[in-house]
Amino acid sequence: MLGQVTVKPDIPLAKLAKLAGVDIPTNCTSGTCGTCMITLIKGHVPLPETLPPGLDEDMVEEQARLGCIGCPMGDVDIDVRPPL
Ligand code: FES
C-alpha cells in the first residue's frame, strides 16, 4: 500500500491521493487527456452519464477511472497507472 486517506465527499481521487502522499499525474484536470487514469480495484467511483474524452467503454470495463474527476463513494482501493 502506498497510502491511505479518509474519503471526503466530492473530492476527486487525485486530490485525495495527494493527501495520502501519493502523486497521481495530472494534466488537463477536466477528464480530457487520460493522464490521471487509475485502476479501480475495489469500491465505487461513479461515472458521468456521458463518458469524458479521456475514457471509453473498453477502458471502463477494465476498471479505468480518471483521478482528476472521479470522486469515490465510500472506501476504494486503486492502483496508479503504470503501477509505482
Ligand atoms: S488530468 Fe486529464 S483526464 Fe485527468
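## Basis of the model

Residues are numbered from 1 along each chain as its sequence is written. Because the model is predicted, local features need pLDDT of at least 70 and side-chain atom pairs count only at pLDDT 80 or more, while totals for chains, interfaces and linings use all residues.

## Overall fold

The chain has two helices and three strands. From the N terminus, their order is α-β-α-β-β. Helices (H or I, at least four residues) and strands (E, at least two) are DSSP runs, numbered from the N terminus.

The C-alpha trace spans about 30 × 25 × 20 Å along its principal axes.

Contacts mean C-beta atoms, placed from the backbone, within 7 Å. Of the contacts with a separation of 6 or more, 63% link residues 24 or more positions apart.

## Strand pairing

Two strands pair if DSSP finds at least two bridges between them. Strand β1 (residues 37–44) runs antiparallel to strand β2 (residues 64–66), with three bridges. One of the bridge partners here is R65 in β2, for I38.

Strand β1 also runs antiparallel to strand β3 (residues 73–80), with five bridges. There, H44 stands opposite M73.

## Core

Buried residues make up 24% of the 84 in the chain. A residue is buried if 20 or more other C-beta atoms lie within 10 Å of its own, exposed if 12 or fewer, and partly exposed in between; C-beta atoms are placed from the backbone.

The largest nonpolar core holds 14 residues. Such a core is a set of buried Ala, Val, Leu, Ile, Met, Phe, Trp, Tyr and Cys residues joined through C-beta atoms within 7 Å. L13, A14, I24, C36 and L66 have the most contacts inside the core. Helix α1 (13–19) and strand β1 each give two or more residues to this core. The most come from α1, with four.

Beyond its neighbours within four places in sequence, L66 touches G31, C36, M37, P52, G54 and L55.

## An exposed strand residue

K42 lies in strand β1. K42 is exposed because 9 other C-beta atoms lie within 10 Å. K42 and V22 are 20 residues apart in sequence and 18 Å apart in space, C-alpha to C-alpha.

Methods:
Two residues are in contact if their C-beta atoms, placed from the backbone, lie within 7 Å.
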